[in-house]
Amino acid sequence: MTSKTVLVSGASVAGPSAAYWLHRYGYSVTVVEAAPRLRPGGQAVDFRGEQMKLVEAMGLLDDLRDHETALREQVQLDPAGKPAFTLPSGFTNGELEVLRGDLARILYEHTKDHTEYVFGDRVTSLAETADGVDVTFRHGAPRRFDLVVGADGVHSGVRTAAFGPEAKFRTDLGYHVAGFTAPNHLRLDHAGLLYNEPGLGAIVASHRDPATVTVGLAFRGDPDGYGRPDLARQKDIVTEVFAGAGWELPQLLTAVADAPDLYFDTVGQIKLDSWSRGRVVLLGDAAWCAGPGGSGTGLAMMGAQVLAGELAAADDHVTAFARYEQRLRKPARVGQRNGAGSGDFLVPATEEKLRKRNRMYRSLAGPIGRRVFEYLGNRAANAVKYREYPQPRAHALP
């Protein structure tokens with residue numbers, strides 16, 4: 001196999017994972033990221049089952065263990081802020097859990113010495129030729145690559161450039177999410193609290209830093225009601241929506257104004273008939289965003305390994321893209337089925353639905369229920385089996 005150049009758009013999780021495996025199979029990789037630097041913080045992401053084999057094969061396991069959240073139990077509060085039931089460790093955090101920002105940094109550290117990273121820029125157009133893809137950027141000079149991988153999330157610019165507007169492929173799930181870091185005035189110690197009011201939800205968790213907590217918020221609302229607001233408007237929206245909420249939310253929300261890591265978005269799924277077009281292929285949320293509970297992070301990393309492995313095995317992007325999609329289609333559908341009902345758990349719309357949710361989860365908080373939830377969580381994580389691809393002899397690892 002002759003050495004080929006690949007442009008990967010996106011430097012969160014899917015993109016650096018693709019860079020790792022593409023380099024391993026002999027490709028020269030450039031990663032372009034719209035943000036000026038790696039994004040800190042973020043909500044926790046977990047790994048289970050087959051995904052643990054993947055991170056071990058990538059040499060990430062020790063680093064991830066050093067940064068795991070070690071989250072123990074999570075307590076669901078009732079509307080009065082009193083404990084309603086307890087979710088045991090492992091219910092939502094799997095076998096290994098880390099903050100997304102830590103995972104992104106670890107992936108970057110494991111790839112930066114053999115990958116060209118370009119921060120603060122983005123793809124603006126793609127034009128395929130007989131032997132490559134001509135790419136223009138917002139700031140950088142035009143370049144040609146043999147292949148382009150869109151690993152730039154649910155709002156993928158590569159997908160828009162190659163496939164069309166996001167609205168053609170997006171199904172909204174009817175609620176928004178926001179996340180940020182706040183001072184740990186609740187004095188939580190590797191524990192989480194969940195609080196709901198009709199149409200509103202909060203998850204507050206203490207991880208590695210005892211001085212801070214991660215705050216995840218969810219709220220029902222018109223998916224198109226806010227458009228794509230800038231950061232200042234995002235902070236205003238979060239403050240306005242939760243202004244009348246009870247429990248400890250008023251105190252937690254005082255951190256929003258100065259939060260350096262605020263995340264805000266509608267929650268939706270991406271569905272396309274094909275994940276590739278010519279020399280351009282999509283990966284992770286850009287291709288199959290499932291939403292919370294869909295094992296999206298682990299599946300994106302598994303997909304990166306499959307994509308690179310199939311390219312190395314076929315040395316023909318048309319065949320490789322088809323085989324990659326064949327292996328990942330069913331797991332992506334499993335993840336989307338899991339994610340489709342996330343709103344009913346995270347943010348029940350009415351008092352009656354909230355009571356019903358609490359009754360159901362209280363009854364399942366014991367050993368039998370735990371096995372049920374472990375099965376549901378592992379179903380998405382194990383939907384694609386980890387499989388080694390032969391290393392091309394011409395590109396053996398140094």
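How many Å apart do the axes of helix 1 and helix 4 come, and at roughly what angle do they cross? The second close-up has the answer; first, a word on what you are looking at. This is a predicted model, in which local features need pLDDT of at least 70 and side-chain atom pairs count only at pLDDT 80 or more, while totals for chains, interfaces and linings use all residues. Residues are numbered from 1 along each chain as its sequence is written, and side-chain values use heavy atoms, with hydrogens and water left out.

**View 1. The whole protein, with its 13 helices and 18 strands.** Helices (H or I, at least four residues) and strands (E, at least two) are DSSP runs, numbered from the N terminus. The radius of gyration, taken over C-alpha atoms, is 21 Å, close to the 21 Å that the globule rule gives for 398 residues, so the protein is as compact as a globular protein of that length. That rule is 2.2 Å times the number of residues to the power 0.38. Along its principal axes, the C-alpha trace spans about 65 × 40 × 35 Å.

**View 2. Helix 1 meets helix 4.** Here's the answer: the axes of helix 1 (residues 14-24) and helix 4 (residues 100-111) come within 9 Å and cross at roughly 25°. That makes the two helices roughly parallel (angles under 35 degrees count as roughly parallel, over 145 as roughly antiparallel, 65 to 115 as roughly perpendicular and the rest as oblique). Axes are lines fitted to C-alpha atoms, for helices over the stretch in contact, and angles run from 0 to 180 degrees between N-to-C directions. Pro 16, Ser 17 and Tyr 20 of helix 1 touch Leu 107, His 110 and Thr 111 of helix 4, where contact means heavy atoms within 4.5 Å.

**View 3. Helix 9 against helix 10.** The axes of helix 9 (residues 296-314) and helix 10 come within 8 Å and cross at roughly 150°. That makes this pair roughly antiparallel. Among the residues in the contact are Leu 299, Gly 303 and Val 306 of helix 9, and Phe 321, Tyr 324 and Leu 328 of helix 10.

**View 4. Ser 276 in strand 17 (residues 276-277).** Leaving aside neighbours within four places in sequence, Ser 276 is in contact with Phe 163, Val 281, Phe 321 and Glu 325. Ser 89 is 187 residues from Ser 276 in sequence and 39 Å away in space, C-alpha to C-alpha.
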